[in-house]
Amino acid sequence: MSLSRKRKKQLRRLQKDANQLWEAQQELVGHAAGVAREASHQLGHSYREQVVPVVQDAYNRRVAPVVDRGVRIGKHVVDDKVVPIVGGVVGTALSAWDVANNKRHGIVAPVSKKIKKAQKAHQKKQQQSSGLGSIVALILGAAAAAAVLYAAWTALRADDELWVADDPLSAPDA
């Protein structure tokens, strides 16, 4: 199929215009990528300068004291409640073991009034402290659950400035 000179000239002009448009679009896309890169850098700086200090301050004021208090309470419970109870149980078990061994070998050891009184006091203390330990564990569990719920609430609350529209941007009407 042969084209006239006029059509060939028009096609060459159209191809030249298309190439110029393509170059202009490539330049525009390159410029848009540079702007997006700079916006990303600025967003990173803004994050480091504004968001990180607020989060660190909130953590230091709200979370760290609760965790420290929980650690102190846990250490107090272990040192002052659990260790004496476990020591008493182990001591009682070893005493029972010794009594059983003595009976097997025919040795009868007299039990003094002081030992009986100490055993009764120990049993009474064990009954009281077992209720206290469960209460402390319940309080610590509730505090941990409250901390998790608060953290989730602050992360997921609806701030209008933080949400991005799901609709794609449309071209302005001319």
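Tutor: Of the protein's 174 residues, 4% count as buried, where buried means under 20% relative accessible area, exposed over 50% and partly exposed in between, with a 1.4 Å probe and protein chains only. The model is predicted, so local features need pLDDT of at least 70 and side-chain atom pairs pLDDT 80 or more, while totals for chains, interfaces and linings use all residues. Residues are numbered from 1 along each chain, and side-chain values use heavy atoms, without hydrogens and water.

Student: Why is R5 called exposed?

Tutor: R5 has a relative accessible area of 77%. The cut-off for exposed is over 50%, so R5 is exposed.

Student: How do you know that D57 and R61 form a salt bridge?

Tutor: The term requires a side-chain nitrogen of Lys or Arg within 4 Å of a carboxyl oxygen of Asp or Glu. In D57 and R61 the closest N and O atoms are 2.9 Å apart, so the pair meets the rule. The count by this rule is one salt bridge.

Student: What separates D57 and R61 along helix 1?

Tutor: D57 and R61 are four residues apart in helix 1, which means about one helical turn. A helix here is a DSSP run of H or I with at least four residues, numbered from the N terminus.

Student: Why is V86 called partly exposed?

Tutor: V86 has 46% relative accessibility.

Note on methods
Helices (H or I, at least four residues) and strands (E, at least two) are DSSP runs, numbered from the N terminus.
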